[in-house]
Amino acid sequence: MKIKDIKIFLNSVSRNFLTIKIWTDEGIYGLGDGTLNGREMAVVSYLEEHIVPCLIGKDPSQIEDIWQYLYKGAYWRKGPVTMTAIGAIDMALWDIKGKVAGLPVYQLLGGKSRKGVTVYGHANGGSIDEVMVNLGNMIKEGYKVVRLQSKLPDTKGSYGTLEGKKNYYELQSDRPLPPELEWNTTKYMNFVPELFKRARAEYGNEIRLCHDVHNRLTPIEAARLGKILEPYDLLFLEDMVPADNQDTYKIIRQHTTTPLAIGEIFNTIWDTKGLIENQLIDYCRMAVSHGGGITPLVKVANFASLYHVRMAPHGAPDLSPISSMAHMHFDLWAPNFAVQEFIGFGTPEMNTVFKFDLKLVDGLLYLTDAPGLGIDFDEEAASNYPYKRSYLPVNRLEDGTMWGW
Ligand code: KDG
Ligand code: MG
């Protein structure tokens, strides 16, 4: 079997998604997600100009060799654009392998380690009251783990909501230039404990809760937040500070027992190495798309398992349903999987384009035994939704200083 063609689709189906379809000479195809929020065209061009020509005629069953060829062979290793492009190819090759074998991908990885995938949903809101209502509804729906994010009072925009729209930033597709928002660490530090205090007072201690700090604190502020939140027993605090300097996590770790999660912007196992082997984190959030595919994520999981670090892959709305399905197979297999971020089954528009079969029962997602990744992509329906340039927001302190969003 040989790779005959690789097609690239960039569509704004509720938001921009980059999908690839690898065709073999035997009429089987595989699908991959190459979406890199706000930098989609860079991945398109990396694929079109630098990957596709090298793969035509290659044997699609040689997944490991193709991965090494694209990673080592480029000479220029790592980086989100390179690794997302490789990730899309890798997913599609696993999809093909599963279809050829007539088996779901989790079987090729070693079979199921659990009956279903525990997910965490998001309870967002423009105020604590609103988050509490959403949390209550999610508990009624059966969620066992919920992430809480609330808009900060008296600030211009805040992570988790989009002013009047109360929607995900990641789902917006109408920002031809990055909107500018405001950040105030003092207000945040005073406000967040109240959010979790209310959640515990109103819903008790059984529901598992988490929160995403989105890289907005300094190490010592992060250490303090972790300590303040200890009484509310979080499953994890995510992205307290960027891990460009992995040693900063030592400062946080020595002050708090609140579990720490990071990894959604990691591209290779090297981004995880120091954090995992020094036992500075508890959950690794690497994703199949931005982390270079299923092949390297399996290696990260195995490495993490030596240090009691568990996998909790990124599942924001800017990962396409193809990544979500690839995660499902990975999550079912990985012995040290913990929880999958899950934001629902997609918008009606998305459901005309991406076809898959998942069931959510009592906070666990269940997969069918369809071969490969178990997802299809309707090219014709997708062509109704042309790409629109769109950015994530940027953040500034009140005095105008650039900050992390
Ligand atoms: O594109 C950026 C998003 O993926 C990110 O903001 C989502 O932090 C995120 C999360 O944890 O889902
Ligand atoms: Mg995050």
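**Contacts, folds and rings in a predicted chain**

Author: Of the contacts (heavy atoms within 4.5 Å) between residues at least 6 apart in sequence, 72% join residues at least 24 apart. This is a predicted model, in which local features need pLDDT of at least 70 and side-chain atom pairs count only at pLDDT 80 or more, while totals for chains, interfaces and linings use all residues. Residues are numbered from 1 along each chain as its sequence is written, chains are lettered from A and ligands numbered from 1 in the order in which they are written, and side-chain values use heavy atoms, without hydrogens and water.

Reader: Why is the pair of Phe9 and Phe377 called tilted?

Author: Rings of Phe, Tyr and Trp (its six-membered ring) pair if their centres lie within 6.5 Å; planes under 30 degrees apart are stacked, over 60 edge-to-face, and the rest tilted. By this rule there are 12 aromatic pairs. Phe9 and Phe377 have centres 5.1 Å apart and planes at 55°, so they pair and fall among the rest, as tilted.

Reader: What does this pair tie together?

Author: Phe9 lies in strand β1 (residues 3–12) and Phe377 in strand β16 (residues 375–377), so the pair links parts 368 residues apart in sequence. Both rings also belong to one aromatic cluster with Phe17 and Phe354.

Reader: How do you know whether Phe9 and Phe377 are buried or exposed?

Author: Buried means under 20% relative accessible area, exposed over 50%, partly exposed in between (1.4 Å probe, protein chains only). Phe9 has 14%, so it counts as buried, and Phe377, at 5%, is buried too.

Reader: Why is the pair of Trp67 and Tyr71 called stacked?

Author: Their ring centres are 4.9 Å apart and their planes stand at 20°, so the pair is stacked. The two residues are 4 apart in helix α2 (residues 63–72), which means a separation of about one helical turn. Trp67 is buried at 10%, and Tyr71 is buried at 7%.
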